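My entries follow the display.

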Amino acid sequence: MNADQAFESVRVSNRHGTSPFVLICDHASNFVPAEFGTLGLKKDDLTKHIAWDPGAAPVAQMMSELMDAPLIESGISRLIIDCNRPLDAPDLIWEVSETTPIPGNQNLNKAQRAERVALAYDPFHTAIDELVETRLSQGRETNLVSIHSFTPVYKGVSRPWHIGILHDEDLRLSTPLILELQRGDDIVVGDNEPYSPADRVYFTLERHGRAHGLACVMIEIRNDEIQNEAAQSRWAKRLAEILGPEESGETKTIERPKASTSAPRVIGTTD
């Protein structure tokens, strides 16, 4: 790895946090190890949404502190490999992200793809497996919440939602989140918008949450809502207050409905 030998493929913070929630940030970083250059892109491209979820990591980090919750973050740009995809997904390694061709991702052979899996994908999912399995072996309540951000405009289409709550048929976390967020007249809340599990963006939660029967939910915040520290703090506090614990130190109890069915739609996109 040369100069980048010390970089972290995955970061685990507050491993022993007391919260019943485990936070995940699949697209926390836009870091590209030196051996990949810029993947043939302009340096400015590496600051855009195609490389990561801007603002998501600071929100997740603040929530981790407020909730005393463990947090697992990918430390490498999704342009290298998208950790929130199954290994056989056509968009595991993007050749074109949104409308931007990625020259360094074109025509990779099996060995090159395997290198990226070993570099970033396997460490990320192994870290989640180990943390979840440890908590379950200790008999600790464990719910998974992944934090993402999305663009205000996608391929010329404006998105009105300030925040989207993504879920499958298990509504234990999504319904109370949506109801609480809708109490604010200034917030437009998307229910399986701007994405849904049918868009192939729910993989991490399916693999580590649903496989164990755990309640899980994906939170997407429009990235112009979390462009600076003050805005990130506002959203982190708002979400932490809904999920708990409260300032008194007591965990907020939210009545969660039993799982029922929902009907996600299908489009092709980048989360």
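I worked on a predicted model, where local features need pLDDT of at least 70, side-chain atom pairs count only at pLDDT 80 or more, and totals for chains, interfaces and linings use all residues. Residues are numbered from 1 along each chain as its sequence is written, and side-chain values use heavy atoms, with hydrogens and water left out.

**Core.** I looked up the largest nonpolar core and found 33 residues. Such a core is a set of buried Ala, Val, Leu, Ile, Met, Phe, Trp, Tyr and Cys residues joined through side-chain atoms within 4.5 Å. Buried means under 20% relative accessible area, exposed over 50%, partly exposed in between (1.4 Å probe, protein chains only). Ile-219 and Leu-239 are among the residues with the most contacts inside this core.

**Charged pairs.** I counted 13 salt bridges. The rule is a side-chain nitrogen of Lys or Arg within 4 Å of a carboxyl oxygen of Asp or Glu. Arg-85 pairs with Asp-91, closest N and O atoms 3.0 Å apart. Arg-85 is buried at 0% relative accessible area, and Asp-91 is buried at 3%. Arg-222 and Asp-224 also pair, at 2.7 Å, N to O. Here Arg-222 is buried at 11%, whereas Asp-224 is partly exposed at 30%. Shared partners join Asp-82, Arg-85, Asp-91 and Arg-200 into one network.

**Cysteines.** How many disulfides are there? I found zero, taking a pair of cysteine sulfur atoms within 2.5 Å as the rule. Cys-25 is buried at 0%, and Cys-216 is buried at 1%.
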